[in-house]
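Please open the model in your viewer and keep the selection panel at hand.

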2 protein chains.
Amino acid sequence: MATPFRLILLFLFGIFCVESKYIKYNTTAGIVPGKINVHLVAHSHDDVGWLKTVDQYYVGSNNSIQGACVQNVLDSIVPALLADKNRKFIYVEQAGLMLFFFSCAFFQRWWTDQSEEVQDTMKQLIKSGQLELINGGMCMHDEAAPHYIDMIDQTTLGHRFIKEEFNLTPRIGWQIDPFGHSAVQAYLLSAEVVPLYPAAVNMVGFDSLFFARIDYQDRAKRKDEKSLEVVWRASKSLGSSAQIFAGAFPENYEPPSNFYYEVNDDSPIIQDNMNLFDYNVPERVNEFVAAAVAQANITRTNHVMWTMGTDFKYQYAHTWFRAMDKFIHYVNQDGRVNALYSTPSIYTDAKHAANEAWPLKTDDYFPYADRVNAYWTGYFTSRPGLKGYVRTMSAYYLAARQLEFFKGKNKAGATTDSLADALALAQHHDAISGTSKQHVASDYAKRLSIGYKEAEEVVSASFACIAESCLKTGRPNPVCPLLNISYCPPSEVDLSTRKNLVVVVYNPLGWKREDVIRIPVYNEKVTVKDSEGKEVESQFLPIQDAYKTLRNYYSVAYLGKSKKEVPNYWLAFSASAPPLGYNTYIISSAKQTAVSSEIKSFYNSETAKNDKIEVGPGNVKLVYSGNEGNLIQYINSRSKVKQSVEQSYRYYYSDNGSADSQASGAYIFRPNGSHPIDPQQQVLLNVLRGPLVDEVHQRINSWIYQVTRLYKGKDHAEFEFTIGPIPMDDGIGKEVVTQIKATIQNKKKFYTDSSGRDFIERIRDYRKDWKLEVNQPIAGNYYPINLGIYMKDNDTELSVLVDRSVGGSSIKDGELELMLHRRLHEDDSRGVAEALNETVCVFDECTGLTVLGKYYLRIDPSGEGAKWRRSYGQEIYSPFLLAFTEQDGDNWASSHVASFSGMDPSYVLPDNVAMLTLQELDDGKVLLRLAHLYEIGEDKDLSVTSSVELKKVFPNKKINNVTETNLSANQERAEMEKKRLVWKVEGSSGEEAKVVRGGAVDPTALVVELAPMEIRTFVIDFN
Amino acid sequence: MATPFRLILLFLFGIFCVESKYIKYNTTAGIVPGKINVHLVAHSHDDVGWLKTVDQYYVGSNNSIQGACVQNVLDSIVPALLADKNRKFIYVEQAGLMLFFFSCAFFQRWWTDQSEEVQDTMKQLIKSGQLELINGGMCMHDEAAPHYIDMIDQTTLGHRFIKEEFNLTPRIGWQIDPFGHSAVQAYLLSAEVVPLYPAAVNMVGFDSLFFARIDYQDRAKRKDEKSLEVVWRASKSLGSSAQIFAGAFPENYEPPSNFYYEVNDDSPIIQDNMNLFDYNVPERVNEFVAAAVAQANITRTNHVMWTMGTDFKYQYAHTWFRAMDKFIHYVNQDGRVNALYSTPSIYTDAKHAANEAWPLKTDDYFPYADRVNAYWTGYFTSRPGLKGYVRTMSAYYLAARQLEFFKGKNKAGATTDSLADALALAQHHDAISGTSKQHVASDYAKRLSIGYKEAEEVVSASFACIAESCLKTGRPNPVCPLLNISYCPPSEVDLSTRKNLVVVVYNPLGWKREDVIRIPVYNEKVTVKDSEGKEVESQFLPIQDAYKTLRNYYSVAYLGKSKKEVPNYWLAFSASAPPLGYNTYIISSAKQTAVSSEIKSFYNSETAKNDKIEVGPGNVKLVYSGNEGNLIQYINSRSKVKQSVEQSYRYYYSDNGSADSQASGAYIFRPNGSHPIDPQQQVLLNVLRGPLVDEVHQRINSWIYQVTRLYKGKDHAEFEFTIGPIPMDDGIGKEVVTQIKATIQNKKKFYTDSSGRDFIERIRDYRKDWKLEVNQPIAGNYYPINLGIYMKDNDTELSVLVDRSVGGSSIKDGELELMLHRRLHEDDSRGVAEALNETVCVFDECTGLTVLGKYYLRIDPSGEGAKWRRSYGQEIYSPFLLAFTEQDGDNWASSHVASFSGMDPSYVLPDNVAMLTLQELDDGKVLLRLAHLYEIGEDKDLSVTSSVELKKVFPNKKINNVTETNLSANQERAEMEKKRLVWKVEGSSGEEAKVVRGGAVDPTALVVELAPMEIRTFVIDFN
């Protein structure tokens, strides 16, 4: 029966061969006034690790997990841009670009002569603006889990690379993927400061900031009100002086549906060859226009941006540009709307030129939910081990750079740069966020470990140089990363009469400081002396079995080795160190046993009802119920605070998604009921008392152990928790929180920090920007915590500080809670495709990860908590750095510099100022970053302008020149001034509230003023 | 508990930053004697239609079905080859390249000035050999379903394009995907002829032929014996004079596993950057060497070929070449084996240079099974409608080119070129094979229909020019493609006394010819006269209801229109036409009714037992059982043949794959039991008798109708079957066969043609090349049939000829069967991912496709069947071409050229010679192809050398020059001579049997000699 002839009809009059010409597409379109302008922004979102490691993404290996190769993107962009000078592309993650340019960041060149051609071409494309570098950090950092110091460092690293290589300054913030957006990102890591005096250029200085992920309820309302694009004033202290034009995308950071053009994408191509079948230009133009008009209907001004790309696209850039060429050509031929190759810079300028008034946005965009029951608040805590490690390394990097500066930076050999790179990568929004696959998380840790190892050499060499003229023998070794589990081989030495242990205690803070140090020792009969031979107060604490077990397991798991002999004691002693300096302590064998702690165990049966156990050698006492063994009261005899307080552990059952396919996962916290954990041991409390510290040991259950410490010299309580392995035999994920309950009438209000800096008021079940529809009363009230959380009523203020990024909330009045650990059974369907089930393995036997960490509690009279939060917060961030060496005989002090301060011995930084950065740059100049730690009105004494005398900070150097730069140190004031954009705010009078700022630095006096919340960055040229 | 430090150990000594340089990979390697040479052959296998249409593949649309875009391949190949002159690529399917070069094949240039750069670059790359065009046809044709004339035409089309554009001649046959390989492909479409006299260069002339798919059992044995590469002598008649070096790949046409480098492929990349993690050069080099050695172990000589690519790869060619650069560099550094960029030409030369003796292979590689129970013998029949349409169009193209030549080819306006293109595409191994998706099959049909439409204009214009000096009015219209279902509007006219129907009957054969024509008419009283006014014998046959139903349904389905008035009669009349010429017949109204057929119906009850019904107006009679209504005997009164014969229909149930996941599908025939179909109607037979033809009508069942015809002047029986819609309500696929049973002791042997040309002996359950393990006794004995099938014993020879490509076999001695239609429920998991369930739709109501076709039966004394098979086979292939016009009055003959012959009126071609091609080329020269139709020893009279007198073939033209070329007309003898390769055959004496060949053409006599099976191709230059 013959075969289909049906379509013959369509061709009855024979378009057998229409004459056609090669079409030169007209892509020259710029902005056309009076039309909807569709800014096509070609981009690739290249995570520096997520499902694959950063190197795997770069070279394109491990494609069975995800087809992604950043090398392809960079390789193919070059010819695609060369083919048509109207084409533009933006590149975001400098880690990828740096890999392209360098074999090892900043060190060795990647190419020989031939490949310099590629380098030159790439540079040319960047110079001409066809390839625009935006955001410009090493990675697109997360905004919930990173500390602001790390955000600054990783941004500086990328920005200075771009400046040095291309003499360019990125203009645009491009945080398209992070899962919520922080105030600090907006005002500090993005905004330019509107100068109130000539030199105030101390933020990053972007012209705008774009992102995709905001709460779905918020987004819906903003679409209705055309308020996706706003002027964001995120800082109470800096107000309109540090605002930024900020745009949330209408959907995610992809093109409108059906406009995807990666190799083999299935969006309809624009088929414009009349001689082939399926010619579809009119249909495709109509779809383009419809999508443009739809977006214009929710957008102010007639400019809309299409983000033409998504994760790891442009592997063969030609396919995208071929499609966009055609759209620009045919859409503009059609003429209803105007399509153009654009960049966020061009778009921002167009928005600015429109002279529109924009809605005002304050605070931040946390927490983020992408739909009902899907609050991305789990990742605030996910991978607490990694989060803690990053924080530890961050502090180490800060201190190591100081020591590197004191010694003088090596041109060859070990530097702190590897650690800088590793830390920068770790800030990525799938790194420290805890949302990568396990093998990738391990890769981040590995890189940190390598960087640490190299930085350790720097530190060791620096101590050697300072203490003994750079001798190579007997260097103090800063090598106890597992000290927290009592593993520290350098201190576990057999001290004979001739052999002493030398401990160098370095203080990276700008203030003098005293703290109690603890190291594991074998000997019971030892004495601790300072470098002048004066014995210092010390205390022995027996190492509990719980720690010994951890020590044995994890030293094998993490280091591949263990020591047979396990020390039985912690030796605690009180150490002090000058600002940016060290003191040396000598531990030697002694005739008599050192002061041991008095140990008392309290059993359920032993104590009469109503008996109370009071603990604490100093001002602060904790009172425990003798009956039930739990904390009942916090007393500070100095401040007269006396507050009922309870502390407990609970866990949430993780929802498995059976109801609506939304499980709790690495990103999303979705609880399904909660479960209190009561101590059910025979021993309620073990109390250790001594001259320096009292400890309360509690075995909460078989997998939670807690030590509460009260130091003689500290007016707070320290809680050290050991949580894990979280049992999962019941097939249910568990998310462990600690709860602190007090009789504080906080009326739904509590305060959490933004990226470790500003405190933002949070109100339970409420959002400022829209009427919240509450569907997750717990998860929807969680916020990220980097520094601390507090609540208050008229009388009392209860603060908790943390040692790493965690999630927390106040779910009921009078309560605060922190989520400390999570172990999950399900994936939450946001791409990582792995349940967050961290394990640790020894000889292929794996068990759930145990996490050891600390948090700190203090109760003050209302309004007086800031001082502790700020200053002790800084101490938590920057603990003493310890180094060890052994010494035969007793002559350390005589042959070494036993005490050292980098600053003038008479000088300390003001109480409200911290030194964030002291770093020798590759060119020998020094990067100095000083931060005022207080917000306006935060503390009656310290929320004031302070001064730092640079001559005393650098007592032995001649300061030749001090250049103040923006935050990321890639531009001076004059450059920035030229391109400042001023934005109109809806309903604003134009009158700005007066903000206090530090004045310009007089080149003779060299005194730096810092007003509340100011951070100032300088490049200092010494002789 | 901190985080993983484990890997710190690996880096303890800190390879923090190894100095690295941009690596210039050394890709210069050529062949290295004494080493295993791994020839990396970069290729992309670009089906011209399969899951998507050819245009969709080209532009990359419809990617949701399959991510594939040929434009990407061609676009990205250019810069990849330019980047390194050692890189090489082969391109196979000229259809794609032609799309790249032309907007519409051969006509209009694609580009303007700018794009000529690309054109020039591409030409340069082709000239330099970096881009080698191999195979060179428009497509990689199938080898089972195409007729050899179509194979020649599509190859010529591509080869002449390459010759004209690039002045190049492809050297290599590259049939890597077809599902089995035909003898004709080897000796005719590939081989060069070893010249026994100076001018014998009449095959395609490749130096070698490569393919992937051979039977899995065969392959296993060949691997063991290192006999994958052979010298293939596929023709009995031509023997060693037309042999070719042929290589079957060890696996498919892909790279060894783990060496795939398409964008996002998951083979391990070669990570050679020491500064990144996962450096793996040694491992990857080891794997490369291991794979090379493994292949060398099953290959003769130390050359192995790796086919670096597969379907639609090199979408971003850079990714492959980047990987191959590295492998060549590091593998050759390693030195155990030698890797090089190569092509099949280089590989072939290396094989030849090795002076090895190769195993001999004869016959063909059918059928193909890729594993147990997976015989790819279903596609021999899949889409019988499309297969029939292609065959019809093939014949039409042959005739239309003759008529185009007679008229003179247009420079502008309609030509036969569109039909040529469409037919060329239709030979693709997923087109005529029936293995494309339905929408793609429709696309092929649409293209044929468009090409036909344009060719129709050519034919019409030619008739007009010949008959009436190119007048535009009253042109004879050749427009009845649905004549087979009695739909022919030009003949369905109301013939008044003044109005006559003029029928032009054109004969494309080189012989005089007579045939019975039938056209539908309204009038009962008509007379048929020849152009001299002489009445010719005619006969009326009532159109049966079965045909009327088909006519009404399919004219709407295929043409979108129907005629209310349905003609009641077929008017049959005997027509004749001179060679390459026409006669004109005038049908006019008459006083008396024409001779009607005598109609008699035989009912079950009516005929006494043992009564016989004898039918047939001529020498051949068929005898039917009066009792059961079935055929029982074939009698030829002339040849005295009297043979018991039965004919029936059965169907196989298609296996649904439940046992081992191997269902019967578009490719694979897997029966699961068979079912006989007995006529169960009340009417056993309807017999129509008349002077020209007797017809036996049988309603076999509700969906099979059969008409058996016996013509007065023909010594065979014609079976016309109407099968469908095949019922599928039971959820089971069915594959319908017709069986012919005779008392012939064929002892497992039968004969099927190779691509319509040589007959090859087949032996049931047996293979010459290995000991067959029989697991599919039916499917494993199926062979492709394009011309016919026969069996014989000492007395008798039973032949069946077909009107299209089908599958067939002899499953039991004395039986032949043809599979005529298939409708399936399952897919067979070979990629097409659609069940072969053809439907036809009217107003969105669809029903299974009905297929109408014919086959022909003849029984001869043993050894005498060839003459009919060859000469009548040619008539089946090339039926009369009819054209119609109306005429007022009776003066057609006086005002028109009513009879015409393109040759000298006194001349006909010899009985054993056919004219395959008569075509005016674009440059005005003429392509002539003459074929001897007989094999050596096939017929006692006709297997002899014959002569054709060119002067008489072109009586009115002056032949200026005759150039003999190879088969695809892209090279002359001298060129070919230069590069002839001679191959040694294992165990051969070096003495070749003497083969008879036609001599050189004397430029004065202009007589062409043709020896058995010779095809000779000439380009003739007229004045």
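The tour goes from a sheet to a helix, then to salt bridges, and ends at some backbone features.

Before selecting anything, note that this is a predicted model, in which local features need pLDDT of at least 70 and side-chain atom pairs count only at pLDDT 80 or more, while totals for chains, interfaces and linings use all residues. Residues are numbered from 1 along each chain as its sequence is written, chains are lettered from A and ligands numbered from 1 in the order in which they are written, and side-chain values use heavy atoms, with hydrogens and water left out.

**A three-stranded sheet in chain A**

Select strands S17, S20 and S19 of chain A, which form an open antiparallel sheet in the order S17-S20-S19. Helices (H or I, at least four residues) and strands (E, at least two) are DSSP runs, numbered from the N terminus, and two strands pair if DSSP finds at least two bridges between them. Strand S17 (513-521) and strand S19 (538-542) of chain A stand at the edges with a single partner strand each, so one side of each has no neighbour in the sheet. From one strand to the next the twist averages 30°, where axes are lines fitted to C-alpha atoms, for helices over the stretch in contact, and angles run from 0 to 180 degrees between N-to-C directions.

**A helix in chain B**

Move to helix H15 (residues 866-877) of chain B, where the end C-alpha atoms are 16 Å apart, in agreement with the 16 Å that twelve residues should span at 1.5 Å a residue; the expected span is 1.5 Å times one less than the number of residues. Ten of the twelve residues of H15(B) are buried, so this helix is largely enclosed by the rest of the structure. Here buried means under 20% relative accessible area, exposed over 50%, and partly exposed in between (1.4 Å probe, protein chains only). Among the buried residues of H15(B) are B:Trp868, B:Arg869, B:Arg870, B:Tyr872 and B:Tyr877.

**Salt bridges**

Over all chains the structure holds 116 salt bridges, each being a side-chain nitrogen of Lys or Arg within 4 Å of a carboxyl oxygen of Asp or Glu.

Show the side chains of A:Arg762 and A:Asp364, which meet in a salt bridge at 2.8 Å, N to O. This pair links distant parts of the chain, 398 residues apart, with A:Arg762 in strand S34 (residues 758-763) of chain A and A:Asp364 in the loop between strand S13 (360-362) and strand S14 (369-371) of chain A. A:Arg762 counts as buried at 4% relative accessibility, and A:Asp364 counts as buried at 7%.

Select A:Lys499 and A:Glu886 next, a salt bridge with its closest N and O atoms 2.9 Å apart. Since A:Lys499 lies in strand S16 (residues 499-507) and A:Glu886 in strand S43 (residues 881-888) of chain A, the pair ties together parts that are 387 residues apart in sequence. A:Lys499 is partly exposed at 30% relative accessible area, and A:Glu886 is partly exposed at 35%.

In chain B, display B:Arg447 and B:Asp443, where the closest N and O atoms of the salt bridge are 2.8 Å apart. These residues are four apart in helix H13 (residues 438-468) of chain B, and are therefore separated by about one helical turn. B:Arg447 counts as buried at 15% relative accessibility, and B:Asp443 is buried at 6%.

To finish this part, select A:Arg518, A:Glu695, A:Arg709, A:Glu718, A:Glu720 and A:Lys854, which are linked in a network of salt bridges.

**Backbone features**

Return to the loop between S13 and S14 of chain A, where A:Pro367 is found; a cis peptide bond joins A:Phe366 and A:Pro367, with omega about -15°. In chain B, the peptide bond from B:Phe366 to B:Pro367 is cis, with omega near -10°, and B:Pro367 is found in the loop between strand S13 (360-362) and strand S14 (369-371) of chain B.

Lastly, centre on A:Lys748, which has a positive phi of about 70° although it is not a glycine. A:Lys748 is in the loop between strand S32 (734-742) and strand S33 (749-754) of chain A, and is partly exposed at 39% relative accessible area.
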